[in-house]
Amino acid sequence: MRLLKTPSVLPGFNISLGITVLCLSLLVVLPFAMMAVTAAGMGFSSFWQTIAEPRVLSAVWLTLKMSFFAMLTNIVFGTLTAWVLVRYEFPGRGLVNALVDLPFALPTAVTGIALATLYAPNGWLGRFFPFKIAFTPTGIWIALVFVSLPFIVRAVQPVLEELSGEYEEAAATLGASRFTTFRRVLLPEIAPALLTGAGMMFARATGEFGSVIFIAGNVPMVSEILPLIITGKLEQYDVQGASAVALFMLLISFSILFALNIAQWALGKRAGAKA
């Protein structure tokens with residue numbers, strides 16, 4: 001008996017793979033390749049000399065440090081936000097759920113202006129703080145936390161929705177504390193999704209420009225972020241220098257994302273072995 005093949009909405013594997021590779025090549029690989037070629041044209045010594053500039057190294061360190069701190073902050077509060085949205089019913093829950101995606105919808109420049117208005121020394125909130133927030137690294141951290149929060153929430157939320165609350169009730173019945181329940185029941189389940197969201201969030205934070213530029217102050221060696229260094233070199237028509245700095249930052253981000261993917265794979269393999 002001959003089985004009839006079910007017609008597919010999408011084309012066959014070969015055509016689909018070809019279209020996928022073409023799109024990735026044009027939109028992702030080609031721009032990065034051209035950036036690498038442009039940076040390679042200046043030679044290794046000039047490349048390293050550009051990267052080793054104190055102003056560039058300071059901006060790299062500040063960008064990575066603030067992105068890391070923002071990632072840690074959102075891992076805690078993003079997970080808590082996802083937990084509240086999944087486990088509790090309360091008035092305005094739909095509105096809160098929609099507000100989580102607001103950083104995606106707002107233009108980054110609007111976000112930066114709003115944060116600067118709030119946290120400037122004479123701003124609505126900044127005037128009440130005994131220390132300066134805007135135009136300091138602290139302002140950069142706040143901006144990065146704001147724009148990257150949805151990555152953690154939207155990565156963890158579907159996992160929590162699929163995880164039945166009966167497991168937590170069973171752990172509580174057996175006498176487990178809340179911390180033990182989180183560590184032994186919830187964390188192993190959400191850890192892969194949490195790492196995925198953290199990696200995407202970190203990558204977004206390292207390249208964030210619009211929301212940070214207005215609140216950072218852009219003081220060299222103090223609150224100057226790496227995207228501003230790249231923009232400044234482009235304004236000076238130093239395309240090779242800008243490409244060198246961008247390529248260096250790309251390599252750092254790629255290494256961190258690769259490490260997070262390895263950790264995610266290891267966690268998934270361990271969970272599969274336990275199952």
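# Briefing: an all-helix chain and its contacts

A search of the whole structure finds four salt bridges. The model is predicted. Its chain holds twelve helices and zero strands.

**Overall build**

- From the N terminus on, the order of elements reads α-α-α-α-α-α-α-α-α-α-α-α.
- Along the principal axes, the C-alpha atoms fill a box of roughly 65 × 65 × 35 Å.

**Helix 7 with helix 9**

- Helix 7 spans residues 137-162, and helix 9 spans residues 178-206.
- The two pack at an angle of about 160°, and their axes lie 8 Å apart.
- Angles over 145 degrees count as roughly antiparallel, and helix 7 and helix 9 are therefore roughly antiparallel to each other.
- The crossing of helix 7 past helix 9 is right-handed.
- Helix 7 brings Leu144, Val147, Ser148, Phe151, Ile152, Ala155, Val156, Val159 and Leu160 to the contact.
- Helix 9 answers with Glu189, Ile190, Ala193, Leu194, Gly197, Ala198, Met200, Met201, Arg204 and Ala205.
- By class, this contact of helix 7 with helix 9 counts 15 nonpolar, two polar and two charged residues.

**Helix 3 with helix 11**

- Helix 3 and helix 11 pack at an angle of about 145°, with 8 Å between their axes.
- On the helix 3 side, the contact uses Arg55, Val56, Ala59, Val60 and Thr63.
- On the helix 11 side, it uses Leu226, Pro227, Ile229 and Lys233.
- The classes here are six nonpolar, one polar and two charged residues.

- Side chains of opposite charge can pair when their charged atoms come close.
- Lysine 233 and glutamate 53 form a salt bridge through their side chains, at 3.8 Å from N to O.
- Lysine 233 sits in helix 11 (residues 226-235).
- Glutamate 53 sits in the loop between helix 2 (44-51) and helix 3 (54-87).
- The partners are 180 residues apart, and the pair links distant parts of the chain.

**UniProt annotations**

- The unreviewed UniProt entry annotates residues 60-260 as "domain: ABC transmembrane type-1".
- In the model, residues 60-260 are 77% helix and 0% strand, and the end C-alpha atoms lie 20 Å apart.
- The unreviewed entry also gives "transmembrane region" for residues 21-48, 68-86, 98-121, 133-153, 209-230 and 242-267.
- Residues 209-230 are 55% helix and 0% strand, with end C-alpha atoms 11 Å apart.
- Residues 242-267 are 100% helix and 0% strand, with end C-alpha atoms 37 Å apart.

Methods:
Residues are numbered from 1 along each chain as its sequence is written. This is a predicted model: local features need pLDDT of at least 70, side-chain atom pairs count only at pLDDT 80 or more; totals for chains, interfaces and linings use all residues. Side-chain values use heavy atoms; hydrogens and water are left out. Axes are lines fitted to C-alpha atoms, for helices over the stretch in contact, and angles run from 0 to 180 degrees between N-to-C directions. Helices (H or I, at least four residues) and strands (E, at least two) are DSSP runs, numbered from the N terminus. Angles under 35 degrees count as roughly parallel, over 145 as roughly antiparallel, 65 to 115 as roughly perpendicular and the rest as oblique. A crossing is left-handed if the near helix is turned anticlockwise from the far one by less than a right angle, and right-handed if clockwise. Contact means heavy atoms within 4.5 Å. Ala, Val, Leu, Ile, Met, Phe, Trp, Tyr, Cys and Pro count as nonpolar, Asp, Glu, Lys and Arg as charged, and the others, Gly among them, as polar. UniProt positions are given in the numbering used here, feature names are shortened, and annotations may be inferred rather than shown by experiment.
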